[in-house]
Amino acid sequence: MILWKGALAAVLVAVTALTPAPAPAPENLGVPLQDVLLLGGAVAPGPEGKTVIWSASSGSPAHLNAVDPATGAQTSRFDLPGSGGAWAVEATPDGSVYAGTYGGSKLFRWTAQGGVQDLGNPLRGETFVWTLAAGEGATVYGGTSPGGRLFAYNPATGVRDYGRLSAAHAYIRSVSHAGGKIYAGTEAPAKIFEVDAAGGAIKELPAPEDTTGKWAYDVDAAAGYLYVRLGGASPGPLHVWDIAAGKWTDRLDAAHGLDVSPPDDEGRVYFVKGGELVRYDPKTKTTTPTGLPVTGRVANTRGIGWAELGLPDYPGKSLVGLLWRGLMFRYNPQTGAKAFVQSGIKGEPIDVTALSEGPDGRMYAGGFLNGGFAGIDPKSGKTEEFHTFSQSEDMTTHQGKLYIGAYPEARVYSYDPRLPWNSTEYSPSPQPGPDPNPARLYDGAADKQIRPRAMVSAGRYLAVGTMPDLGHLGGVLSIWDPEAGRLKSSQRNVVKDQSIVALAYRDGIVYGGTSIYSGQSATPPTQLEAKLFAWSVRENRLLWEIVPAPGKPAIPALTFDAAGRLWGIAGGEVFAVNTWAREVVKRVVLSSSKSASGQLAFNRRDLQLYGAHAGQSVFRLNPWTGRHTVLRSGPVHQLAVHRSGDVYFAEGPTLYRLHP
C-alpha cells in the first residue's frame with residue numbers, strides 16, 4: 001500500500017505538468033442518424049378533398065403528413081410546433097383531422113379552411129396524449145399520461161375532462177367510440193373501461209384473460225364489435241367483444257397493431273396477423289389471408305382505411321395504409337391486387353442515444369425512438385453507413401464485436417463490422433440472406449426489463465445492466481459468455497429496487513452505478529439515493545455497496561483513470577473512489593444539480609476526464625488537481641472518447657468532435 005501511494009505521488013507530479021491547453025472549438029459532424037418514423041395515422045379526406053393517408057412523423061418538430069394512396073407522393077406537410085411526435089391521429093366526420101402529441105402534450109386540429117391550429121395542452125399536468133377517437137361531428141376523445149385521464153374536445157364547447165378512470169393506472173393508452181360510449185384501455189395490468197360519453201358514468205369490462213404484464217394497447221370499435229389487443233408493440237392476442245351481447249366471443253393470436261381497419265360493407269375488418277394482412281369476419285369467426293406480407297419486428301400499421309385509387313386492378317375501394325418507415329401498402333379485395341410503394345414522406349434527424357468506438361476503429365451511433373445505426377469514419381468525420389434499427393440504449397466493444405443494447409425488452413445484440421449488415425428484424429429482405437448481423441443474443445423480458453442502459457467488456461465476458469419496465473423496480477446485472485453463447489449469470493435487484501445505469505470493469509470485478517428510477521418515469525421509486533456496488537464475476541456475488549454521492553438519484557457513468565481510481569458522475573458532482581478502501585477520495589462539485597443524466601470518460605491520450613454534465617455542458621476535468629473547464633454549453637447527454645484521443649458528443653441529433 002505504501003509503494004502504491006508513492007507511485008501515485010510520482011505519477012501525480014508528472015501528469016500535473018502535462019495539463020493540456022484549452023481545447024479548440026468542437027467540429028460539427030452533422031446529423032449521422034436520419035430516417036422516417038411514423039406513429040399515428042388515419043385515412044380521410046385531405047386538403048383537396050381527395051382521400052389521403054394522414055400520418056404523423058417524429059422530429060423536431062413533428063409533422064402531420066398527407067400521402068396520396070395512388071402514387072405515394074407526399075401532398076401536404078404541416079409542422080406540429082413544440083412536439084416530438086404523435087401516436088394519436090384521428091379524423092372526425094366533419095372533416096377535421098386531429099393530432100395528439102408528446103414532447104409537448106398538445107392537441108392540434110387541421111381543417112381544409114384553417115390549416116393546422118394549435119389547441120394547446122388539453123389537460124393541465126398531463127405530458128402525453130396517447131390516443132384519439134372520433135365522436136360525432138367535430139368531437140374527438142383522447143387519453144393521456146401520467147394522470148391516466150380521459151377527455152373530450154369539441155370546437156364549440158372546448159375540453160371536457162372525464163377525470164382519471166383508475167387510481168391504479170397512469171396511462172389511457174387506447175380509446176375508441178361507438179354508440180354513445182367511449183372505450184378506453186390502460187397499461188398493465190390492462191383494464192378496459194366503458195364510459196358514457198354524455199353522462200360520464202364509468203363501467204369496467206371483464207378482462208378477457210389474465211392481464212398481468214399486458215397493456216390494452218389497441219382498442220377499436222367496428223360494426224358492433226370491440227377489438228382489444230393485449231400486450232405491447234410486439235404481436236399479441238386480439239380479443240373480440242360483442243357490444244350488444246356484452247361478452248367476449250373470440251381470440252386471435254399473433255395480432256399486430258396499431259389498428260384494425262374500418263369495417264367493409266359486410267362488417268369485416270382487416271389487420272396484420274402473423275406477418276400477413278388478413279380479413280376477419282366476427283360473425284363467422286373466420287380469418288382469410290390476403291397474401292400481403294408485412295415482415296420484420298415492427299409490422300404495425302400507421303393508419304389503415306379505404307380509398308378509391310383509380311388504378312388498373314384496383315376497382316372500387318381498396319385497403320390502404322402506411323408502415324413505420326414510410327412504406328405504403330394497398331390491397332384490393334375484388335381482384336387480390338396488392339403492392340408496396342415507398343411514400344415521399346421526408347426523414348427527420350434522430351436524437352443520438354448511444355455512442356461507442358467499434359472494434360474497427362470507427363465511431364458508432366444509435367438513436368432514440370426512430371432508432372437507426374450509423375458508423376462514422378474517425379478520419380473524415382463522415383457517416384459511412386446507416387441502417388434501420390431499434391432504439392439503442394448503450395453500445396460497447398468486446399472481443400472484436402460491437403454489442404448493442406436495444407429498447408424495449410432489454411434486448412442485447414452483437415454486430416461484426418467485418419460481415420455484411422443483415423438485420424432480419426429491422427431491415428428484412430424477402431429473400432433468405434446470410435446469418436443475422438446484428439445477431440440477437442438474449443433479452444430481459446422475462447425479468448420485466450426494458451432498457452439495457454449499461455454495458456462493459458469484462459475480461460472474457462460481457463456485463464450488462466438494465467432498467468425495468470413500467471410498474472417494476474430492480475434492474476438486472478447479467479454476465480454474457482460469448483464463447484459459450486449463453487448467460488453465465490443473471491441477477492435482479494443486486495441493489496434493492498434500483499436500476500443499473502453505469503458499469504466499469506477491473507481485475508475480475510464489475511463496478512456498477514445505480515438509479516433509484518425505473519425504466520419508465522411513471523413508476524414511483526422506493527429508494528432515496530443511488531449506490532455504487534462491486535460484483536465478483538468469478539464468484540457471482542455482491543462484494544460491497546456504498547453511497548458515494550449522498551442525495552443523488554443516479555450514477556449514470558463510471559470510468560477508471562490511469563492510477564486505478566474509479567470515477568463517477570452523479571448530478572452536479574464528480575467523485576473518485578478508492579475501490580480497495582471502498583471510500584470516496586476526491587469530490588469535485590460542478591453544480592447543485594440532482595439530474596439523473598451524465599456522462600464521464602477517461603482519455604488515455606491526455607490523461608484527462610471528459611464528461612457531459614446534467615444535460616447542460618461538456619467539461620474537461622484534471623483528475624489530479626480537480627480543475628475543470630466547460631468546453632461547450634448545451635443540451636449534451638451522450639459522450640465517448642475515441643482511441644485517438646478525440647472526444648465525440650451529441651447535442652440532440654447533431655454529432656460533434658473535439659480534438660484535445
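1. Confidence. The protein chain has an average pLDDT of 94, and 96% of the residues score at least 70; pLDDT is the predictor's confidence in each residue, from 0 to 100. Over residues 1-20, however, the pLDDT is below 50, and this stretch has 15 contacts in the model beyond near neighbours in sequence (contact means heavy atoms within 4.5 Å).

2. Basis of the values. The model is predicted: local features need pLDDT of at least 70 and side-chain atom pairs count only at pLDDT 80 or more, whereas totals for chains, interfaces and linings use all residues. Residues are numbered from 1 along each chain as its sequence is written, and side-chain values use heavy atoms, with hydrogens and water left out.

3. Nonpolar cores. The largest nonpolar core has 26 residues, of which Trp87, Phe373, Phe389, Met395, Ile404 and Tyr415 touch the most other members. A nonpolar core is a set of buried Ala, Val, Leu, Ile, Met, Phe, Trp, Tyr and Cys residues joined through side-chain atoms within 4.5 Å; buried means under 20% relative accessible area, exposed over 50%, and partly exposed in between (1.4 Å probe, protein chains only). Two or more residues of this core come from each of β11 (128-134), β19 (215-222), β36 (401-407) and β37, and β36 gives the largest share, three residues. Strands (E, at least two residues) and helices (H or I, at least four) are DSSP runs, numbered from the N terminus. A second, separate core of 17 residues includes Ala502, Ile509, Ala530 and Leu566.

4. Arg411. This residue lies in strand β37 (residues 411-415). Arg411 is buried yet has no salt bridge, and the nearest side chain of opposite charge, Glu409, is 4.0 Å away. For such charges, Lys and Arg count as positive and Asp and Glu as negative, while His and the chain ends are not counted. The side chain of Arg411 does reach the backbone oxygen of Tyr407, at 2.7 Å. Neighbours within four places in sequence aside, the contacts of Arg411 include Arg297, Arg440 and Asp443.

5. Salt bridges. The count comes to 35, a salt bridge being a side-chain nitrogen of Lys or Arg within 4 Å of a carboxyl oxygen of Asp or Glu. Arg451 pairs with Glu393, the closest N and O atoms being 3.1 Å apart. This pair links distant parts of the chain, strand β39 (residues 449-458) and strand β35 (residues 391-398), 58 residues apart, and both partners are buried. Glu651 and Arg632 meet at 2.5 Å, N to O; they join strand β56 (residues 647-651) to strand β54 (residues 628-633), 19 residues apart. Glu651 counts as buried at 15% relative accessibility, whereas Arg632 is partly exposed at 26%.

6. His642. Where does His642 lie? The residue is placed in the loop between β55 (636-641) and β56, and at 7% relative accessibility His642 counts as buried. A polar contact of 3.0 Å joins the side chains of His642 and Ser644. A polar contact is a pair of N or O atoms within 3.5 Å; within protein, one must be able to donate a hydrogen and the other to accept it, and residues adjacent in sequence count only if both atoms are side-chain atoms. Apart from neighbours within four places in sequence, His642 is in contact with Glu357, Gly361, Met363, Pro378 and Tyr648.
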